[in-house]
Amino acid sequence: MLSERDLELKSLAEQEIEKHKETVATDPYRLNYHHMPPVGLMNDPNGLIQWRGVYHLFYQWMPFDTTHGAKFWGHYTSENLVNWKHEKIALAPSDTFDRDGVYSGSAISHEGRLYLFYTGNLDGKNGPEQENQCLAVSEDGVTFEKKGVLIETPEGYTAHFRDPKVWKQGDIWYMVVGAQSEDHQGKAVMFSSHDLHNWEHLGTIAGSKEGRNGELGFMWECPDIFELGGKDILMVCPQGLESDGMNYANTYQSGYFAGEMNEHNLQFNHSEFRELDRGFEFYAPQTTVDEKGRRILFGWMGVPEQYEQEHPTIEKHWVHCMTIPRELTWNGEKITQTPVEELSAMRGPVLLHSSVTIENDQKAIRGIQGRSIELNIEIDQLNEMFAIELFQYASLSYKDRILTLSRPHLEERSKTEFRRVGLGEGLRNIRLFIDRSSLEVFVNDGEEVFTSRIFPQPEEEHILFTSLGSTTFSIEKWDLNGYQYE
């Protein structure tokens with residue numbers, strides 16, 4: 001049974017949706033094929049799972065403001081990753097153990113039921129600050145019954161102790177939690193259980209100043225552990241990394257370690273930390289394995305504390321969105337990310353231009369324009385510099401084996417800001433997903449990715465191509481119909 005407070009909070013959130021419905025709907029920066037909040041602020045993807053044939057994507061949601069606070073879990077479902085249903089609110093901050101926020105977590109299937117593990121936040125204003133790991137269970141995947149606190153913060157860690165990810169290895173369930181040690185170092189902390197209710201604290205699997213790691217952030221958020229192509233992957237979001245050349249350019253980072261993990265003795269022999277995304281807005285990714293055996297990822301197209309209030313959608317009472325779903329693979333050296341194949345169902349007819357050559361010039365290409373499109377560019381020959389200008393706002397340029405994305409600074413609009421990555425083997429192909437106010441760029445078959453929000457003039461659709469020296473390429477373009485919602 002849902003408590004009166006739970007019903008009250010969910011009713012208030014629904015009223016907030018209705019109150020701002022028309023204002024939100026008229027925003028020209030609303031997206032066509034990305035999940036957005038119906039009102040307020042969206043952040044981390046949560047509880048990503050395919051259960052009984054249906055994909056479930058939950059999300060962090062603050063319905064009453066475009067700032068962070070006492071979060072709810074919103075909920076989308078789909079059978080094919082293109083046609084979606086916005087379900088009723090899954091979880092509200094309604095209990096003594098989560099009154100200041102139902103924070104991020106994960107989902108598993110067990111004995112025919114859907115289990116949600118999440119962090120219950122107490123912000124310290126009415127007692128000690130606490131973040132405890134909690135459980136909610138559902139028989140139907142829509143209505144959830146909270147079971148209360150499973151794990152309180154162990155000794156040796158601060159109140160920054162959140163974002164549980166749960167999985168099964170053999171007969172044992174494991175949980176990894178993002179944490180901060182008492183000496184303010186980010187850690188990934190492991191627990192094990194035989195019944196999903198009683199959990200044993202195993203210790204730290206990886207962290208700042210652990211093993212071969214030096215200083216690597218004061219807090220690790222959103223850990224995710226999984227196997228990919230014979231490698232064990234720990235995906236995590238370290239907070240507090242200093243920028244280093246082309247690396248770590250955002251306020252907070254998202255990336256991974258690859259190696260070999262032994263859960264029993266907490267040994268994780270891993271490579272160096274590698275960033276997942278090179279764009280301006282990407283954080284808190286979460287993955288699941290679907291029934292086809294694919295490792296699927298959604299990320300949050302935002303970064304905490306990175307001029308969030310400068311997004312122009314704020315005046316329309318909403319902010320942030322999710323990435324498109326991506327399939328992860330291991331290419332022998334690194335994770336590659338590619339849009340899931342189901343998204344091709346959104347395509348209209350293809351427009352193809354083969355062997356386009358531009359030499360010391362900038363030009364448009366017939367029909368290559370639009371604000372809800374997919375572009376695929378295959379490079380045949382590139383001498384010196386090649387660039388794509390999007391809507392007189394953003395630019396993607398390649399020179400001297402460095403790919404650069406630029407856009408106006410969201411806070412200091414007279415300035416231009418940049419994100420870069422080195423491409424040691426050169427530029428082979430670029431795949432762009434453009435959606436009104438978002439850009440996702442997959443480079444060299446997904447070996448590098450740039451994810452960003454863009455806010456050009458709403459009516460601007462022009463795309464220009466520039467080459468210094470001679471560049472020859474082929475380009476395919478599709479108009480995209482977008483997600484279909486019930």
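**Entry 1: E29 and its partners**

I looked up E29 and strand E30 (residues 438-443) and found them paired in the antiparallel sense over five bridges. I count two strands as paired if DSSP finds at least two bridges between them. Strands here are DSSP runs of E, at least two residues long, and are numbered from the N terminus. The model is predicted, so local features need pLDDT of at least 70, side-chain atom pairs count only at pLDDT 80 or more, and totals for chains, interfaces and linings use all residues. Residues are numbered from 1 along each chain as its sequence is written, and side-chain values use heavy atoms, with hydrogens and water left out.

Within this pair, I noted that isoleucine 434 has leucine 439 in E30 as its bridge partner. The hairpin of E29 and E30 has two residues between the strands, and arginine 436 takes a positive phi near 60° there.

I then checked strand E24 (residues 372-382), which runs antiparallel to E29 and is joined to E29 by seven bridges. Glutamate 374 stands opposite phenylalanine 433 in E29.

For cover, I looked at strand E29 (residues 429-435) and found six of its seven residues buried. Buried means under 20% relative accessible area, exposed means over 50%, and partly exposed lies in between, with a 1.4 Å probe and protein chains only.

**Entry 2: the sheet E9 to E12**

I traced an open sheet of four strands in the order E9-E10-E11-E12, with antiparallel pairing. Its edge strands are strand E9 (157-169) and strand E12 (200-207), each of which pairs on one side only. The twist averages 25° from one strand to the next; axes are lines fitted to C-alpha atoms, and angles run from 0 to 180 degrees between N-to-C directions.

Inside this sheet, strand E10 (residues 172-181) and strand E11 (residues 186-193) share eight bridges in the antiparallel sense. I noted serine 193 in E11 as the bridge partner of tryptophan 173.

A pocket is an open set of points on a 1 Å grid over the protein atoms alone, where a 1.4 Å probe fits, with protein on both sides within 12 Å along at least five of seven lines; lining residues have an atom within 4 Å of a point. The volume is the space filled by probe spheres set on the points, which are joined across faces, edges and corners.

The largest pocket is lined by 26 residues, and the closest to its centre are His68, Tyr103, Arg162, Glu221 and Glu305. Two or more lining residues come from each of strand E1 (40-51), strand E5 (102-110), E9 and strand E13 (219-228). E9 gives the largest share of this lining, three residues. I sorted the lining into seven nonpolar, nine polar and 10 charged residues. Ala, Val, Leu, Ile, Met, Phe, Trp, Tyr, Cys and Pro count as nonpolar, Asp, Glu, Lys and Arg as charged, and the others, Gly among them, as polar.

The second largest pocket holds about 360 Å³ of space. Of its 20 lining residues, Trp167, Ile225, Phe226, Val289 and Arg295 are the closest to its centre. The elements giving two or more residues to this lining are E1, E5, E9, E13 and strand E18 (283-289). E9 again gives the most, here with four residues. This lining divides into 10 nonpolar, five polar and five charged residues.

**Entry 3: single residues**

I looked up serine 467 in strand E32 (residues 463-479). Serine 467 counts as buried because its relative accessibility is 0%. Its side chain makes a polar contact of 2.8 Å with the side chain of threonine 471. A polar contact is a pair of N or O atoms within 3.5 Å; within protein, one must be able to donate a hydrogen and the other to accept it, and residues adjacent in sequence count only if both atoms are side-chain atoms.

Lysine 146 is in strand E8 (residues 145-151) and counts as buried because its relative accessibility is 17%. A polar atom of its side chain lies 2.6 Å from the backbone oxygen of alanine 92. The side chains of lysine 146 and serine 94 are joined by a polar contact of 3.1 Å.

I also noted positive phi values in residues other than glycine. Serine 355, in strand E23 (residues 351-363), has phi near 50° and counts as exposed because its relative accessibility is 53%. Aspartate 445 lies in the loop between E30 and strand E31 (448-453) and has phi near 60°. At 47% relative accessibility, aspartate 445 counts as partly exposed.
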